[in-house]
Amino acid sequence: MQGSTVLELRLTRLQPTVDDLQERLEGMLAAMGLEIEAGEAAAWARQAHTTESSPEGRASIAELRPGLVVTYDAWFDDLSVVDTTRLAEDGGQLDVVPWGVASNAMDALATQGVVDVSLSYDDVSISYVRSGVKGPDGTHDEWVDEIRFEANGTLDGTAILDAGVRVGVTPKQRVSSLRVNRIEIERLEPSFVEASEVDVRDSFAAHVAGTTRANVESVLVSARRPAYMLDPASPSAIVAPRYMIDYTITVGTAEDDRMVSRARMAFLSLISAPPSVELEQP
């Protein structure tokens, strides 16, 4: 870590045209194997293009046909398509993780030009959306609604959190949702890493102690890695990778109970020593 170099990037939020939005929606629908009436994608794009692009702006939500919901956040250039009909019809027990279906959908997104093909999307995580009911006799029946395959784009092995893709697949192996967010990327010059692993650990421990008033019993770190991220309120900036730590805190209470905090993400600078926490996200 210390003494190595990292590439700085200029990250800029995109401002797609009406045609860009229409092509992206059509590409995502094609990757899901869905069709809509002629002209509906263009009409949606014209409406979505009027959505306010600001950190405080609200996402545009539209139902293109019954059960087909499209959500667009202009500030983050974050577009999602959900087929609620497939979700309702296909829930059940999972016999096999549908890697092939998800991989084919990601390949289709690349072919359609929906995702940035200069990035790699190989580091895929999986999560499950489940539902269940409790019977009058106390038994509990549970099933899987959707398997989600999610990846951030990576550049030279480092994740860019502002560029990502999520593919949802039902147990019946139909694509039920897609979500894609994008950012403009410009490569700049390398910078030296000044922080050591000990520096990062000590600064993180000091941050937790300084921002938590309660008695900290334990800190659980679920993920940690270098990552690029544009500050949520910034339209454009030069950024170096920060060290991201995803964590939760267990604190003690006056009644000798324990409470677990919501997950948080702390981002520590790697090009300054000692490293400071430059950003924290809930």
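Which residues does Thr 154 touch, not counting residues up to four places away in sequence? I looked this up first, and I found that Thr 154 touches Leu 119, Ser 120 and Ala 159, where contact means heavy atoms within 4.5 Å.

**Entry 1: what I am looking at**

I note that this is a predicted model, in which local features need pLDDT of at least 70 and side-chain atom pairs count only at pLDDT 80 or more, while totals for chains, interfaces and linings use all residues. Residues are numbered from 1 along each chain as its sequence is written, and side-chain values use heavy atoms, with hydrogens and water left out.

**Entry 2: the chain as a whole**

I read off 5 helices and 15 strands in the chain; helices (H or I, at least four residues) and strands (E, at least two) are DSSP runs, numbered from the N terminus. The C-alpha atoms fill a box of roughly 60 × 55 × 35 Å, taken along the principal axes. Of the 282 residues, 43% count as buried, and I wrote down that buried means under 20% relative accessible area, exposed over 50%, and partly exposed in between, with a 1.4 Å probe and protein chains only.

The accessible surface comes to about 14,900 Å², of which 48% belongs to carbon and sulfur atoms; such areas come from the Shrake-Rupley method with a 1.4 Å probe, and for residues only the protein chains shown count as cover. Among the contacts with a separation of 6 or more, 63% are accounted for by residues 24 or more positions apart.

I placed Thr 154 in strand β6, which covers residues 140-155. Is Thr 154 buried or exposed? Thr 154 counts as buried because its relative accessibility is 16%. I then looked at Asp 156, which lies in the loop between β6 and β7 and has a positive phi of about 55° although it is not a glycine. Asp 156 counts as exposed, because its relative accessibility is 63%.

**Entry 3: strand β8 and its partners**

I found that strand β8, residues 175-181, is mostly covered, with 6 of its 7 residues buried. Which strands pair with β8? Strand β4 (residues 78-83) is joined to β8 by 5 bridges, and the two run antiparallel; strand β7 (residues 158-169) is joined to β8 by 6 bridges, also antiparallel. Two strands pair if DSSP finds at least two bridges between them.

To follow the pairing in the model, I noted that Asp 78 has Asn 181 as its bridge partner in β8, and that Val 169 has Val 175. In the hairpin of β7 and β8, with 5 residues between the strands, Gln 173 takes a positive phi near 65°.

I looked up Val 81, which lies in strand β4 and counts as buried because its relative accessibility is 0%. Val 81 and Thr 71 are 10 residues apart in sequence and 6.6 Å apart in space, C-alpha to C-alpha.

Where is Leu 25? Leu 25 is in helix α1, residues 18-32, and counts as buried because its relative accessibility is 0%. Leaving aside neighbours within four places in sequence, Leu 25 is in contact with Ala 41, Trp 44, Leu 64, Val 70, Leu 79 and Val 81.

**Entry 4: helix α2**

I listed the buried residues of helix α2 (residues 40-48) as Ala 41, Ala 42, Trp 44, Ala 45 and Ala 48. Seen down the axis of α2, these fall within an arc of 160°, so they line one face of the helix; the arc is that of the directions from the helix axis to the C-beta atoms. The buried residues of α2 pack against α1, β2 (60-65), β3 (68-73) and β4.

**Entry 5: two loops**

I found Asp 77 in the loop between β3 and β4, with a positive phi of about 45° although it is not a glycine. Asp 77 counts as buried, because its relative accessibility is 0%. Lastly, a cis peptide bond joins Ala 273 and Pro 274, with omega about -5°, and Pro 274 is in the loop between β14 (264-269) and β15 (277-281).
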